[in-house]
Structures are given as structure tokens and as C-alpha cells.
Amino acid sequence: MQHGQSLARQKTIAAWLYLISLQYYVAQLVVAAAWNAKPGYSWGNNTISDLANTVCGPYGSRQVCSPLHSWMNASFFVLGLTMAGGALLLSRALSANRLARAGFVSLMIAGLGTIIVGLFPENTISAWHIFGASLPFFLGNLAMILLAMNLSWQARWLRNYTLLSGVVGLFALGFFISNHYLGLGLGGLERVVSYPQSLWMMTFGGYLLVQAKRSSHE
């Protein structure tokens, strides 16, 4: 009984950690609103990391100036912590087989990569920034595919949503790496690569809480 209660507690804590991912989107809206480079922050042409750039001036082909860059870097750091922490707890509570465990481990590594992104903004040590971003871009999306196929207790709609999220993210990553932005712009396509996993985390977290509430009433 105690073991079962412990697992239930771990799932609940992980669910709330995943729901904290909402801060990532709030931070982008707030930091983008304070943008101080002309012609303004472009959700299509500017990357997410431009919001965390610590200087004002030209960066690549873009003008950047983000007075609240420290907020965005803190948001990356918190997102990484919640991603890794939630995956660690769920790997203990939900890993029914090796592939499911591999999915959660991939999410943990993706979370560590996101922490690295927050610690090394794009204009500092770019190699570390790129390395950090590559982990959630690849492993985060791959993790969702692994989990969709190996957590059979999920509702069918959630399995399908999880699989679709991972597939869309990986396909978008292929186009992103090859510099084919599909008319969405650099920042627009980057968001198609990046957003599916944090949106999935919030969805999965909400699903776990609903399941926990139902179980408590049975």
C-alpha cells in the first residue's frame, strides 16, 4: 500500500512540474513585449533564444535587443528543471518496459539540455548553446514517440496526440537543420520543433491529475 501511495505521489508531483511549463509561454509574451530593437520582435523571423540574447545589436542577420533577457534565461532554466524532474519521477512510477524508460531518460536529458540553453545564451558560448538546444530538439521529440508506443494505459487520444507531437517535431527539425523554413521563417519553424514537447508536458500533466482525481473517488 505504501509503495502504491508513493508512486501516486510521484505522479502527482511530476504532473504539477509539467504544468509549470506554462511559465515558458508567459515569459515569452512578457519578454517579447519589452523588445527594444526595430522593427520589433517577430515571432516568425526571430528565434526564441533571441529573447534571451544579452546584448543589443546585430546578431546574424537579425537585430536583437531584449531588456528582459534574464527573465527568458531563467525561464529556460526552470523549464529544464521541470522537464528533467518530472521525467525522473515518472520514470520510477510509469516505466513498464525498457523503451518507456528510455523515453523518460530522453526527456531527462532534454531537460538538462534546456538548462544549458538558459545558462549559455546564444551570444555567449554558442557551441554550448547549440549543444543544449539540440538535446530537446531531438531527444525531446523522440521521447514522445517512444512513450506513445510504450505506455499502453494512456487513453487512445493521448497516445495519438503524443505520437503526433513527436513526429511533427522531428520532421520540423529535419527542415530546420536544412534551412528550409516552409514559409514560417526561422523563428516560426523553430517553434514547430520546440513547442510540441512543452505543450505535451502540460497536456500530460493535466491528464495525470484528472486520472488521480478519478482514482481517489473510486
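In which loop is Asn179 found? Asn179 is in the loop between H6 and H7, where helices (H or I, at least four residues) and strands (E, at least two) are DSSP runs numbered from the N terminus. The model is predicted, so that local features need pLDDT of at least 70 and side-chain atom pairs count only at pLDDT 80 or more, while totals for chains, interfaces and linings use all residues. Residues are numbered from 1 along each chain as its sequence is written, and side-chain values use heavy atoms, with hydrogens and water left out.

Asn179 has a positive phi of about 60 degrees although it is not a glycine. Pro39 is placed in the loop between H2 and strand S1 (57–59). Most residues other than glycine have a negative phi, and most peptide bonds are trans.

The helix pairs can be taken in chain order. The axes of helix H2 (residues 22–33) and H3 come within 9 Å and cross at roughly 170 degrees; axes are lines fitted to C-alpha atoms, for helices over the stretch in contact, and angles run from 0 to 180 degrees between N-to-C directions. H2 is therefore roughly antiparallel to H3, in a scheme where angles under 35 degrees count as roughly parallel, over 145 as roughly antiparallel, 65 to 115 as roughly perpendicular and the rest as oblique. On the H2 side, Gln23, Tyr24, Ala27, Gln28, Val30 and Val31 meet Trp71, Met72, Ser75, Phe76, Val78 and Leu79 of H3, contact meaning heavy atoms within 4.5 Å. This contact of H2 with H3 divides into 9 nonpolar, 3 polar and no charged residues. Ala, Val, Leu, Ile, Met, Phe, Trp, Tyr, Cys and Pro count as nonpolar, Asp, Glu, Lys and Arg as charged, and the others, Gly among them, as polar.

H3 also packs against H4, at an angle of about 165 degrees with the axes 7 Å apart, and the two are therefore roughly antiparallel. The crossing of H3 and H4 is left-handed, a term used if the near helix is turned anticlockwise from the far one by less than a right angle (right-handed if clockwise). Their contact has 18 nonpolar, 6 polar and no charged residues.

For H5 and H6 the angle is about 150 degrees and the axes are 8 Å apart. That makes H5 roughly antiparallel to H6. H5 passes H6 in a left-handed crossing. Among the residues making the contact are Phe137, Phe138 and Asn141 of H5 and Arg159, Thr162 and Leu163 of H6. By class, the contact of H5 with H6 has 11 nonpolar, 5 polar and 1 charged.

The largest pocket holds about 540 Å³ of space. A pocket is an open set of points on a 1 Å grid over the protein atoms alone where a 1.4 Å probe fits, with protein on both sides within 12 Å along at least five of seven lines, and lining residues have an atom within 4 Å of a point. Grid points are joined across faces, edges and corners, and the volume is the space filled by probe spheres set on the points. Of its 28 lining residues, Ser49, His129, Ala133, Phe137 and Glu190 are the closest to the centre. H5 gives the most to this lining, with 8 residues. The lining divides into 16 nonpolar, 9 polar and 3 charged residues.
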